[in-house]
Number of protein chains: 2
Amino acid sequence: MKLSDARQQFISSWGAFATHWGINRTMAQIHALLLVSPDPLTQDDIMAGLSLSRGNVNMNIRELVDWGLVDRVLLPGERKDFFSAEKDIWKVATQIIKERKKRELEPMMKLLSQLEDVEGDKKDKEIKQFTETISGIQNFSKQADRMLDIMVKADENWFVGSLLKFFK
Amino acid sequence: MKLSDARQQFISSWGAFATHWGINRTMAQIHALLLVSPDPLTQDDIMAGLSLSRGNVNMNIRELVDWGLVDRVLLPGERKDFFSAEKDIWKVATQIIKERKKRELEPMMKLLSQLEDVEGDKKDKEIKQFTETISGIQNFSKQADRMLDIMVKADENWFVGSLLKFFK
DNA sequence: TTATATTTTCAATATATTTTGAAAATTCAA
DNA sequence: TTGAATTTTCAAAATATATTGAAAATATAA
């Protein structure tokens with residue numbers, strides 16, 4: 001397969017894939033483009049490469065920088081800003097886990113603890129089911145939270161090595 | 001907090017939460033409603049409980065059944081279909097993992113293996129970066145795939161227990 | 001059968017999200 | 001300073017997604 005076709009297919013599939021994960025297609029495509037680009041790109045490079053408007057590229061690049069997946073790079077002698085993606089996929093994954101934990105899991109856990117106690121007869125069927133469901137989700141979330149913390153803190157080689165040994 | 005308010009808040013937050021994960025708000029709200037309902041509900045119960053049209057409830061319930069998160073229950077002597085959600089959150093999670101693996105991770109891995117080989121000079125900077133990125137994602141996906149398989153096969157207590165012991 | 005209850009479908013509509021592009025703001029060399 | 005290059009903003013337009021509701025299909029009791 002030719003490089004240009006392979007790149008094209010990677011970028012477009014990565015974008016489609018991302019929409020199943022609550023991430024906007026364009027943001028994922030820009031990320032994909034930067035992942036396969038050996039050198040940093042400008043906004044204009046991205047506009048041209050993906051046929052997008054300036055505003056669109058600007059907004060999505062900013063989101064990628066907010067997520068810690070892309071860095072703004074200032075090249076000496078260049079007027080324009082350049083952008084470069086973290087290429088180590090393990091780092092990409094831990095960065096995403098870190099952010100989603102902070103943005104989603106932690107607020108959800110906070111809400112659950114507010115819903116823990118409801119007024120009324122603990123024997124009531126409706127109340128019982130509600131509190132059981134909430135505490136079930138709470139337990140699960142706490143496990144997940146702990147496990148994700150460990151993954152994020154762990155060094156890639158240590159983690160993968162240990163996991164493989166552990167799971168044989 | 002009153003049960004009715006707590007239920008309301010749980011359902012609405014669960015729906016909002018789900019949109020960050022590529023799941024449609026209504027589907028998640030129906031799921032939440034069933035999770036806190038001790039007895040199975042009919043389409044009409046759900047329509048009334050969440051103020052949704054018949055068609056909308058029908059389509060989203062079907063999706064939930066497809067995902068294996070909700071069962072259609074036939075009560076003796078009742079004409080209508082009833083629906084009931086799996087209440088064990090661990091089972092819910094493994095079911096979701098299983099489905100997403102099949103629907104998303106596996107097709108992605110298949111694509112990556114098609115993109116593994118590109119024509120041209122292996123020393124070329126662009127080709128080098130492309131193949132490195134693809135193989136990095138491939139390695140990561142393989143690890144994730146293996147780990148998720150184990151989680152899905154594992155029994156909750158065994159898994160959580162071992163994990164905690166392992167991670168101390 | 002036939003009549004009625006229930007479920008499913010799907011075109012039309014409503015809503016939400018994404019994208020554009022031009023104007024405003026900012027940066028920076030001279 | 002000034003002004004050209006660059007980035008950012010954001011209202012309007014385009015696109016995509018979700019929802020409705022009534023008609024069609026299906027299931028069930030009599």
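**Exercise 1.** Work out how the axes of α2(B) and α3(B) are oriented to each other.

*Solution.* Start with the axes, which are lines fitted to C-alpha atoms over the stretch in contact, with angles from 0 to 180 degrees between N-to-C directions. Helices are DSSP runs of H or I with at least four residues, numbered from the N terminus. In this predicted model, helix α2 (residues 25-35) and helix α3 (residues 43-50) of chain B have axes that come within 11 Å and cross at roughly 110°. Angles of 65 to 115 degrees count as roughly perpendicular, and α2(B) and α3(B) are therefore roughly perpendicular to each other.

Next, find the residues in contact (C-beta atoms, placed from the backbone, within 7 Å). α2(B) brings Gln29(B), Ile30(B) and Leu33(B), while α3(B) brings Ile46(B), Gly49(B) and Leu50(B). Sorted by type, these are four nonpolar, two polar and no charged. Here Ala, Val, Leu, Ile, Met, Phe, Trp, Tyr, Cys and Pro count as nonpolar, Asp, Glu, Lys and Arg as charged, and the others, Gly among them, as polar.

**Exercise 2.** Describe the side of chain A that touches chain B.

*Solution.* First count: 45 residues of chain A are in contact with 45 of chain B. Then look at the elements: α1, α5, α6 and α7 of chain A each give two or more residues, and α6(A) has the largest share, twelve residues. Finally, this side divides into 26 nonpolar, eleven polar and eight charged residues.

**A note on conventions.** Residues are numbered from 1 along each chain as its sequence is written, and chains are lettered from A in the order in which they are written. Local features need pLDDT of at least 70 and side-chain atom pairs 80 or more, whereas totals for chains, interfaces and linings use all residues.

Key:
Parallel < 35°, antiparallel > 145°, perpendicular 65-115°, else oblique. Contact = placed C-beta atoms within 7 Å.
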